[in-house]
Amino acid sequence: MMRYFKRKYPQLARFCEEQGINRVSYKRTHQNMVLKDIVVHSIPQKLQCGYDINRSTLDRCLELAYRYNILNNDRRARLSGNDNIRFWSCVSELKVALWLDTQGFTLKFDPPARGGGVGEFEINSKQGEAFVEVKTLFGDSAMLDQRDLLSRIADYLEEKKLPVRSINLTHYPNDLSKVHLKAVTGKIESFLLTSVPTSSKYNSKKTVEYQDGSGLVIEFELSSGASTIQSMAYGGWVDVDDNLRYKLGMPVEGRKSRIQVSARDIPSFVVICDPGDWANRRIEGMLYGSKVTILGNKAQKGREYRRKDGKWDNQTMSDLSAVGVFQEDFSNQKFPKCVEMYLCPSPRFPLSKHLFTDSTIRWLRLADDNISVVQDVA
């Protein structure tokens, strides 16, 4: 079996050997996977395709990493560790690098950024060059904490074989301590056993609500014969807007991140890896400003304009030339599924479409009326 794995995924197998990651048997989990969870063996047949896609993608990314000799201690730690955010952020950077590599660019990793920072990479070809920064859209810390709590509870309840079908986190206090969280799973088990001692005591669905003095409130749907958690719901999705603003270097509750741009006089663009199709539904207004329709004034009723609350102002020069949204199709091994590239209205160094050979990129810009966003086909 190991020989087959090495033959099919040679770079992935090489990296696992170098990092001391052993392949263990598959174990069902609701938690976000990291590398050690992806290389497991004895995977159920219905899940095999998804694992093969992840492994193939990682193998291609690692081939590029070895070819460019960029697997320093930091990247190795991110790829082999247990922090799923650091893991998938690094994988996203390598996926974007691979996408650009397949277009014939030469890549220079860790180029200097303005102000003493470091970017992901520079791309260079006969058509020109550009500086690239990669961001991955996950959500803020509260959203991630909620997801982590529910996934751990789900794993625990399935291990205890309690007949829970779904979990809904309805209230999550911001000041919930980590010490309290460690005790939650046992308390929930006791609560459920008290509420419904055995699955034989009821023959239909039933919803029960757990709450304690911390303010934590979780609804559980119990169902006779249920052996696995079918769904988990939590309120973290409302934070996606702020997370995207923060990734774009816009202030959020007094905090502001810095988007790296090149220390040289070349175009700079950001690629946002969007695993949940969140960004494309929101990013237009965040870049160009919110579109507003005037309703009250009869003389101007129906007229539209854009508020000056976006990342870019068409009257002010910007060091950031464009923002791309990189999406994947998880049903096959082709990535990206699409890339939508939003062009800055007034870039200090314009990004040329002719720099790229990927014909599926959808180029978007602010129209001459300074209101509409149109596809740039010129």
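**Close-up views of a predicted model**

**View 1. Strands E2 and E3 pair side by side.** Strand E2 and strand E3 (residues 128–136) run antiparallel and are joined by five bridges. The model shown here and in the other views is predicted. A hairpin of two residues leads from E2 to E3. Within this pairing, Ile-123 has Ala-130 in E3 as its bridge partner.

**View 2. Strand E2 also pairs with strand E1.** Strand E1 (residues 106–109) is antiparallel to E2, and four bridges hold the pairing. Lys-108 stands opposite Glu-122 in E2. How many residues of strand E2 are buried? Four of the five residues in E2 (residues 121–125) are buried, so the rest of the structure largely encloses this strand.

**View 3. The largest nonpolar core has 50 residues.** Phe-121, Ile-123, Phe-269 and Phe-356 have the most contacts inside this core. Which helix gives the most to the core? Helix H6 does, with nine residues. As a general point, nonpolar side chains tend to be buried together in soluble globular proteins.

**View 4. Helix H6 is mostly covered.** H6 spans residues 84–101, 18 residues in total. From its first C-alpha to its last, H6 reaches 25 Å. That is close to the 26 Å expected at 1.5 Å a residue. Of the 18 residues in H6, 14 are buried. At the start of H6, Asp-83 brings a side-chain oxygen to within 3.0 Å of the backbone nitrogen of Ile-85.

**View 5. Four strands make an open sheet.** Their order is E5-E6-E4-E7, and the pairing is mixed. Which strands form the edges? Strand E5 (206–211) and strand E7 (231–233) do, each pairing on one side only. On average, neighbouring strands of this sheet are turned by 15° against each other, direction ignored. Inside the sheet, strand E4 (residues 164–171) and strand E6 (residues 217–222) run antiparallel, joined by six bridges. His-171 stands opposite Val-217 in E6.

**View 6. Ser-42 has a positive phi.** Its phi is near 60°. Ser-42 belongs to the loop between helix H3 (35–38) and helix H4 (48–68). Is Ser-42 buried or exposed? Its relative accessible area is 54%, so Ser-42 is exposed. Most residues other than glycine have a negative phi.

**View 7. Asn-69 also has a positive phi, though it is not a glycine.** The phi of Asn-69 is near 55°. Where is Asn-69? Asn-69 lies in the loop between H4 and helix H5 (73–80). Asn-69 counts as exposed because its relative accessibility is 70%.

**View 8. Ile-294 is a buried loop residue.** The loop that holds Ile-294 runs between strand E9 (291–293) and strand E10 (304–306). Ile-294 has a relative accessible area of 15%, so it counts as buried. Ile-294 and Tyr-305 are eleven residues apart along the chain. Their C-alpha atoms are separated by 8.2 Å.

Note on methods:
Residues are numbered from 1 along each chain as its sequence is written. This is a predicted model: local features need pLDDT of at least 70, side-chain atom pairs count only at pLDDT 80 or more; totals for chains, interfaces and linings use all residues. Side-chain values use heavy atoms; hydrogens and water are left out. Buried means under 20% relative accessible area, exposed over 50%, partly exposed in between (1.4 Å probe, protein chains only). The expected span of a helix is 1.5 Å times one less than its number of residues. A polar contact is a pair of N or O atoms within 3.5 Å; within protein, one must be able to donate a hydrogen and the other to accept it, and residues adjacent in sequence count only if both atoms are side-chain atoms. Two strands pair if DSSP finds at least two bridges between them. Axes are lines fitted to C-alpha atoms, for helices over the stretch in contact, and angles run from 0 to 180 degrees between N-to-C directions. A nonpolar core is a set of buried Ala, Val, Leu, Ile, Met, Phe, Trp, Tyr and Cys residues joined through side-chain atoms within 4.5 Å.
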